[in-house]
Amino acid sequence: FGSPGPAFWGGPKVQEFEQAYCDFTGSKHAVTVNSNTSGLIAAMGAIGLSPGDEVIVPPYTMSATAMAPLFYGGIPVFADIEDVTFCIDPASVKANISPKTRAVIAVNLFGHPAALAELREICDAHNIYLIEDSAQAPLSFENGQPTGTIGDIGIFSLNYHKHIHTGEGGVCITNDESLWRRLALIRNHGENVVDYVGETDLTNLIGMNLRMTELQAAIGLAQLSSIEKHVSVREDIANQLSTELSGLEGIQVPVTRDGCRHNFFCWSARYDRQALGLSRKVFCDALAAEGFPHRVGYMKPLYTLPVFQERVAIGKDGFPFNLSTRSYADGMCPTVERLEQQELILYLSCHHHPSPSQLERMVQAFSKVHSAIPTLRSLDES
């Protein structure tokens with residue numbers, strides 16, 4: 001209910017699930033929402049984002065990460081990614097910070113933590129917020145600290161294709177009481193209850209209905225109790241693929257940075273065309289013919305979307321881009337463009353649950369295609 005009273009904070013199961021998520025992550029506060037996207041939008045309001053403020057984001061992620069700032073008139077600024085973890089590159093973040101920068105959103109992509117400690121230092125040095133989009137990264141960690149807890153706000157997805165899910169849903173976590181209160185207000189028509197919750201700053205607290213249902217929370221409680229099992233299964237699948245395929249020339253299996261846990265939402269291989277003398281397309285067409293389930297690349301860099309290329313988001317005058325001189329030209333993030341156009345091959349570990357025999361057939365299919373490269377090369381040339 002978006003009105004004063006105990007039910008404003010959610011039903012019994014919602015509150016129980018939020019406490020369980022605090023216990024799970026070691027955070028002081030959790031706010032459930034109806035999607036990770038809603039959590040990102042609420043986070044932008046919670047930090048007080050204003051029209052013309054800039055938010056540095058990676059270009060290699062689901063579009064919601066870059067769309068969230070636009071809802072408050074913020075300007076997404078794209079920083080390139082690392083070519084090993086595929087997460088936002090701290091050096092590129094530094095290069096893109098300006099006096100207008102309000103926050104950095106780091107995506108823990110494919111289940112591997114971004115360079116979170118380094119990003120935390122950068123954000124603290126510039127007095128800006130660090131937001132973690134951990135949609136794909138429950139139970140991952142950097143130097144023993146769980147993803148989602150290093151940023152000022154961490155956001156997790158409970159969508160149907162994640163490690164655990166409630167059909168749809170999300171959770172925001174924070175150790176900051178003011179951010180927690182503002183997240184809760186934005187989630188649930190907060191303009192009606194500011195006196196009740198003791199929040200006098202009305203800036204950006206026009207609320208919505210972003211609530212999780214009691215049924216979703218009950219499912220979430222059951223799912224959370226078995227999350228280690230679900231993550232471990234994906235780790236085992238990915239580790240077997242990496243072990244079996246790591247010796248293949250021109251194929252770079254996933255790398256996990258020292259001190260990190262990679263939960264393998266996706267297993268990623270980098271394809272070296274120069275070493276193999278064969279286009280990735282021909283190689284992947286052969287993989288498909290042999291029945292190896294995969295995805296060629298991940299998605300086009302987000303700055304190539306029409307909303308950025310045409311600089312039109314809200315209204316006929318191009319708000320909020322009419323407040324900024326930032327451009328979104330091709331080539332602005334060369335690492336992500338190279339990876340997407342030439343190198344990355346994904347197996348979506350979290351979408352499949354192969355049996356041992358199926359997994360072995362996958363390894364055999366990949367190895368078979370690799371051994372056939374000389375033949376494929378001659379066909380490609382013809």
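This is a predicted model: local features need pLDDT of at least 70, side-chain atom pairs count only at pLDDT 80 or more; totals for chains, interfaces and linings use all residues.
Local features are given where pLDDT is at least 70 and side-chain atom pairs where pLDDT is 80 or more, while totals for chains, interfaces and linings use all residues. Residues are numbered from 1 along each chain as its sequence is written, and side-chain values use heavy atoms, with hydrogens and water left out.

Strands of a sheet pair through backbone hydrogen bonds, in a parallel or an antiparallel manner. Here, three strands form an open, antiparallel sheet in the order E7-E6-E11. Helices (H or I, at least four residues) and strands (E, at least two) are DSSP runs numbered from the N terminus, and two strands count as paired if DSSP finds at least two bridges between them. Strand E7 (145-146) and strand E11 (260-261) are the edges of the sheet; each has a single partner strand, so one side of each is left without a neighbour in the sheet. Strand E6 (residues 141-142) pairs with E7 in the antiparallel sense over two bridges. Glutamate 142 has glutamine 145, in E7, as its bridge partner.

The pockets come next. A pocket, on a 1 Å grid over the protein atoms alone, is an open set of points where a 1.4 Å probe fits, with protein on both sides within 12 Å along at least five of seven lines; its lining residues have an atom within 4 Å of a point. Grid points are joined across faces, edges and corners, and a volume is the space filled by probe spheres set on the points.

The largest pocket has a volume of about 380 Å³. Its lining has 26 residues, of which Met62, Ala135, Gln136, His161 and Lys162 lie nearest the centre. Helix H2 (36-46) and helix H3 (64-67) are the elements that give two or more residues to this lining, and H2 has the largest share, three residues.

The second largest pocket has a volume of about 170 Å³. Helix H1 (12-25), strand E1 (29-33) and helix H6 (177-187) each supply at least two residues of its lining, the largest share, four residues, coming from H1. Among the lining residues are Trp9, Cys22, His29 and Trp180.

A nonpolar core is a set of buried Ala, Val, Leu, Ile, Met, Phe, Trp, Tyr and Cys residues joined through side-chain atoms within 4.5 Å, where buried means under 20% relative accessible area with a 1.4 Å probe, protein chains only. In the largest core, of 76 residues, Met44, Phe78, Val93 and Ile153 touch the most other members. Apart from it lies another core, of 29 residues, among them Leu241, Ala269, Leu276 and Phe292.

How values were computed. Buried means under 20% relative accessible area, exposed over 50%, partly exposed in between (1.4 Å probe, protein chains only).
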